[in-house]
Amino acid sequence: MKPEIKEMIQHYIDGQFVSGHKGDFFVNVNPYTNEKINSVSEGTKEDINLAAKAAKEAFKQGPWGKMKQEKRLQYIYKIADLIDRDVEEISLLESYDTGLPIAQTRKMVGRAADNFRFYAEMVKNRMSGEAYHVDDEFMNYTIQKPVGVAGLITPWNAPFMLETWKIAPALATGNTVILKPAEWSPLTANKLAELVDEAGLPKGVFNVVHGFGETAGASLVAHDDVQLISFTGETKTGSEIMRNGAASLKRFSMELGGKSPIIVFDDCDFERALDACVWGIFSFNGERCTANSRLFLQESVKDEFVARLKERVDNIIVGDPSDPDTEVGPLIHTEHYENVKRYLQIAVDEGAEVYTQALSASHKKGNFVAPTLLLNVKNDMTVAQEEIFGPVLSVMTFKDEQEVIEYANDIKYGLAGYVWTNDMKKGLRVANAVEAGMLWVNSQNVRDLRIPFGGSKNSGIGREGGHYAFEFYTEMKVVHVALADHHIQQFGKKKQSLQTEAKH
């Protein structure tokens with residue numbers, strides 16, 4: 001099913017849809033057919049300058065910076081209502097643009113509306129300060145103020161949900177926003193701009209500049225008037241962003257790459273562990289930062305678990321992302337497709353066995369990589385250490401608890417981890433020992449907005465989610481109030497007093 005799409009996507013700057021300063025554009029391509037969808041305005045430094053000027057004006061002189069919290073949050077609720085109204089259209093756009101199966105984009109778009117409502121409630125109920133009394137002389141209290149202009153750089157996997165995950169807390173806390181969406185998935189970012197425009201937010205509060213990381217993204221990061229940069233994406237890019245923003249002492253939040261382990265002990269609930277493992281690597285086409293891409297099986301269950309994995313891989317429904325029965329669709333772009341295929345060749349070269357579903361001729365046009373198992377993998381192989389970001393699972397074995405902890409931690413990433421065992425003491429020991437920002441025990445990747453989200457090591461800096469987002473999107477201000485005439489040192493009076501005494 002093809003949704004209605006504009007021929008040209010423009011930037012959204014200072015409350016208007018406008019073409020780029022230079023008039024350049026790039027082509028957006030459908031990953032299922034590799035045919036042109038439409039054209040997109042290519043942002044440059046000049047477009048970022050215009051967006052930054054508008055965002056700063058809206059924050060400093062415009063109504064947004066002076067607006068009462070209650071009125072500001074009415075806009076946030078309105079955006080959520082508009083997303084709910086258009087959930088089917090947004091889901092279709094997301095699926096058409098990214099290759100993600102429609103059954104999965106529908107769930108993600110619903111979560112996007114929840115992001116706005118959640119942060120409106122959080123600001124009302126949890127963005128509160130602290131107060132401390134010092135005897136009867138002082139009261140010291142804290143308040144949280146918006147920082148200013150937030151630059152948000154978002155990825156192409158689950159773009160709409162991940163954009164709103166950043167936009168909602170940024171706006172709800174009173175900042176203004178410049179969004180630089182991924183160039184491979186511009187459709188729903190444009191739709192969000194249309195919804196924000198319909199909601200009537202004041203000019204300059206929310207801006208979208210499309211384009212490439214090397215130009216639009218780099219200009220956003222380097223701009224002196226942009227105080228915050230929240231980035232989700234590849235670790236190498238995150239490191240480059242931090243270097244580019246260092247001169248202006250920006251505040252950064254980084255959710256970066258992952259190569260997360262799933263550890264299956266022989267005393268686990270076998271069927272549930274199998275379900276969670278398959279879903280965790282093959283949903284979202286495997287293009288998920290928290291995907292359990294490294295499977296560690298205790299030796300005694302290895303043969304049976306692998307046999308069952310092969311059955312599942314053979315029967316996963318691969319096809320048209322607009323078909324509600326499809327479970328795995330095409331990868332987002334030919335460039336990414338070629339990179340994933342390159343890793344499969346590396347696996348062969350390193351001595352791994354590649355087991356994959358045989359695809360039909362109908363899959364030839366799109367960027368399809370079939371669900372794949374890499375067997376006989378060693379933990380030091382490239383395919384066990386580097387993020388592939390596709391429907392590819394590296395399978396390894398372990399003898400005991402201590403060995404698997406060492407394997408799990410022998411990697412530069414530390415985003416997520418999964419442990420399956422019916423011995424809860426062991427499960428908690430392993431969860432505590434694995435070096436990752438998030439661990440799930442006997443569970444797939446479930447999300448709770450109240451809980452912080454983020455990684456350790458090369459997987460990120462800072463946390464999103466819950467009230468933890470306030471640490472990034474607000475400035476903590478401390479006010480000290482004197483309650484009595486406390487003692488103040490009187491420098492400069494002692495000499496004067498001695499001189500007066502000498503005269504007498």
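I note here that the model I am reading is a predicted one.

*The sheet.* Next I looked up how S5 is joined to S4. I found 5 bridges between S4 and S5 (residues 36-41), and the two strands run antiparallel. Stepping back, I saw an open sheet of 3 strands in the order S1-S5-S4, with mixed pairing. Which strands stand at the edges? They are S1 (8-9) and S4 (25-29); each has a single partner strand, so one side of each is left without a neighbour in the sheet.

*Helix H6.* I then turned to H6, residues 159-172. Its 14 residues reach 20 Å from the first C-alpha to the last, close to the 20 Å expected at 1.5 Å a residue. Is H6 mostly covered or mostly open? I found it mostly covered, with 14 of its 14 residues buried. Just after H6, I noted Gly-174, which takes a positive phi of about 105°.

*Helices H14 and H15.* My last stop was a helix pair. Two packed helices are described by the angle between their axes and the distance between the axes. For H14 (residues 401-409) and H15 (residues 424-433), the axes come within 10 Å and cross at roughly 30°. Angles under 35 degrees count as roughly parallel, and H14 and H15 are therefore roughly parallel to each other. I logged their crossing as right-handed. On the H14 side, the contact is made by Glu-401, Ile-405 and Asn-409. On the H15 side, I listed Lys-426, Arg-429, Val-430 and Ala-433.

Terms used:
Residues numbered from 1 in each chain as written. Predicted model: local features only at pLDDT ≥ 70, side-chain atom pairs only at ≥ 80, totals over all residues. Heavy atoms only, no water. Helix = DSSP H or I, 4+ residues; strand = E, 2+ residues; numbered from the N terminus. Expected span 1.5 Å × (residues − 1). Buried < 20%, exposed > 50% of the residue type's maximum accessible area, 1.4 Å probe, protein only. Pairing = 2+ DSSP bridges. Axes fitted to C-alpha atoms, helices over the stretch in contact; angles between N-to-C directions. Parallel < 35°, antiparallel > 145°, perpendicular 65-115°, else oblique. Left-handed = near helix turned anticlockwise from the far one by under 90°. Contact = heavy atoms within 4.5 Å.
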